[in-house]
Amino acid sequence: MSVAKKEYKRVTVKSLVEMKANGEKISMLTAYDYTMAKILDNAGVDVLLVGDSASNVMAGHETTLPITLDQMIYHASSVVRAIDRSLVVVDLPFGSYQSDPKEALRSAIRIMKESGGHSIKLEGGKEIKESIKRILNAGIPVMGHLGLTPQSIYKFGTYTVRAKEEEEAEKLMEDALMLERIGCFALVLEKVPAKLAQKVAEAISIPVIGIGAGNGVDGQVLVTHDMVGMTHEFNPRFLRRYLDLYKEMTGAFQKYIADVKSKDFPNEEEQY
């Protein structure tokens, strides 16, 4: 029996669990600034991820590692001011939670208090279990992240698909079950085989959001700048470009330059 789609005036962590139970797929995109977040929220995106991918997209770093907690709070604050409906999830950046559960809690509290974000996301499984538990015990909602974990790029040495081998696949499943058991409200799976991702999604009751993890999960996330084509160097198999803004914006900028040079802009109607 099909269930009528529920309209959410405000998406919460509870809403996402309901969406999974009702078979409604969850839409999630990244946001790092007020203007883009406003557009995404008005469009009806369920979840906005203030990702540490801002390190790449907004600052031009090769990896996500350089971005700081203060910078993540700045980006998250900008996004939160823009939204009326979407759930805002904020990444804890590299170095702010891995070594000490007490530091992890301090970092999470700073994000919640100073940005107004609704929840946080951490990369990893049992190795950061105590950090996650301490954050959850403080009443802060946590989204997990397994599979390809970009903050561990120098450990793995590559951004290739994870958990293709049986041993790593078993660990991923164990970590997913553990994250559900200790109280995470959702889980991101990045670049894992589609069959494994579907198996995980069917094994746990919390939503599984995929990026490069096939269509058998409960929702999808992409980097907004990639899916609208503002970036053009990045071409993974899982990326669908819905626009080619790089081409469109370049053309607009070139037209503006030409109009200024030719004295066509501003015209008489565009001045006081």
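Which residues does Ala169 touch, not counting residues up to four places away in sequence? Ala169 touches Ala163 and Leu196. Contact here means heavy atoms within 4.5 Å.

## Basis

This is a predicted model: local features need pLDDT of at least 70, side-chain atom pairs count only at pLDDT 80 or more, and totals for chains, interfaces and linings use all residues. Residues are numbered from 1 along each chain as its sequence is written, and side-chain values use heavy atoms, with hydrogens and water left out.

## Around Ala169

Ala169 sits in helix α8 (residues 166-182). Helices (H or I, at least four residues) and strands (E, at least two) are DSSP runs, numbered from the N terminus. Ala169 is buried, at 16% relative accessible area. Buried means under 20% relative accessible area, exposed over 50%, and partly exposed in between (1.4 Å probe, protein chains only).

Ala197 lies 28 residues from Ala169 in sequence. Their C-alpha atoms are 9.6 Å apart.

## Helix α1

Helix α1 spans residues 13-21. Its buried residues are Ser15, Leu16, Met19 and Lys20. They lie on the same side of α1, because they cover an arc of only 140 degrees around the axis. The arc is that of the directions from the helix axis to the C-beta atoms.

Their cover includes β1 (26-30), β2 (47-50), β3 (87-91) and α9 (194-203). The face turned away from the buried side carries the exposed residues Lys14 and Ala21. Just after α1, Gly23 takes a positive phi of about 75 degrees.

## A nonpolar patch

Tyr256, Ile257, Val260 and Phe265 make a nonpolar surface patch of about 370 Å². Like charges are joined within 9 Å, and nonpolar side chains (Val, Leu, Ile, Met, Phe, Trp, Tyr) within 5 Å.

Val260 belongs to helix α11 (residues 245-261). Val260 counts as partly exposed, at 38% relative accessibility.

## The whole chain

The protein has 11 helices and eight strands. Its C-alpha atoms fill a box of roughly 65 × 45 × 40 Å, taken along the principal axes. Of the 272 residues, 48% count as buried. Among contacts with a separation of 6 or more, 57% join residues 24 or more positions apart.

The accessible surface comes to about 14500 Å² (Shrake-Rupley method, 1.4 Å probe; for residues, only the protein chains shown count as cover). Carbon and sulfur atoms hold 53% of that surface.

Terms used:
Patch = residues over 30% accessible without salt bridge, like charges linked within 9 Å, V, L, I, M, F, W, Y side chains within 5 Å. Salt bridge = Lys/Arg side-chain N within 4 Å of Asp/Glu carboxyl O.
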